[in-house]
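The tour goes from the whole chain to two selected residues.

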Amino acid sequence: MNNPITCYYSIKDNGDKKMLIPMKVDYGVRILVYLASFPQESIVKATEISKKRHIPEKFLFQISNDLIDKKLIKSMRGPKGGYSLAKNASDISVADVIESLDKSIAPVACLDDTESCKISGNCAQQNMWSEVEEVLISKLETVTIKDLADKEKPIVDAVELKNK
């Protein structure tokens, strides 16, 4: 049940638990991981990224502009133009991507907007959810785009070999 706003990740082993990740973050990570699979300074066309990573071009352009603003990627215009990483993939964490694109992975809205909840400040859950967010961010600060690209490479190689 994917839509442009939210990507649902199911954990089947422990029942039907789901974690909601903004689609913008998912697409941003896909873009960066794909760029990391090329040698540094390689220019990759937007149409290729869109096709290979299953990202609608409309969203790719929007997200890439944010990634450019945050100096995670750079762009080159013209017929030979495209995108490349602006820094080493090992220097970009998933937390950096979230900060660049979404600003928050708060599991509940009241952590970002206390006025959105009528009982905010008087709720026993608010502190718990804040701690959950801190644990997530702490973990995602340790996962780099290079880590993900390295894990993805054997999968991509196996699929390409199978399709030959």
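The stops below begin with the overall view and then move to single residues.

This is a predicted model, in which local features need pLDDT of at least 70 and side-chain atom pairs count only at pLDDT 80 or more, while totals for chains, interfaces and linings use all residues. Residues are numbered from 1 along each chain as its sequence is written, and side-chain values use heavy atoms, with hydrogens and water left out.

**Whole protein.** Colour by secondary structure: there are six helices and four strands. Helices (H or I, at least four residues) and strands (E, at least two) are DSSP runs, numbered from the N terminus. Followed from the N terminus, the order is β-β-α-α-α-β-β-α-α-α. Now show the surface, whose accessible area is about 10,800 Å² (Shrake-Rupley method, 1.4 Å probe); carbon and sulfur atoms hold 54% of that area.

**Val 33.** Select helix α1, residues 23–36, and pick Val 33 within it. Val 33 counts as buried because its relative accessibility is 4%. Which residues does Val 33 touch, not counting those up to four places away in sequence? They are Ile 145, Leu 148, Ala 149 and Glu 152, where contact means heavy atoms within 4.5 Å. Draw a C-alpha to C-alpha distance from Val 33 to Leu 148: it reads 6.6 Å, across 115 residues of sequence.

**Ser 84.** Leaving out residues up to four places away in sequence, Ser 84 touches Leu 35, Glu 41, Ser 42, Ile 43, Ile 73 and Lys 74.

Definitions and conventions. Buried < 20%, exposed > 50% of the residue type's maximum accessible area, 1.4 Å probe, protein only.
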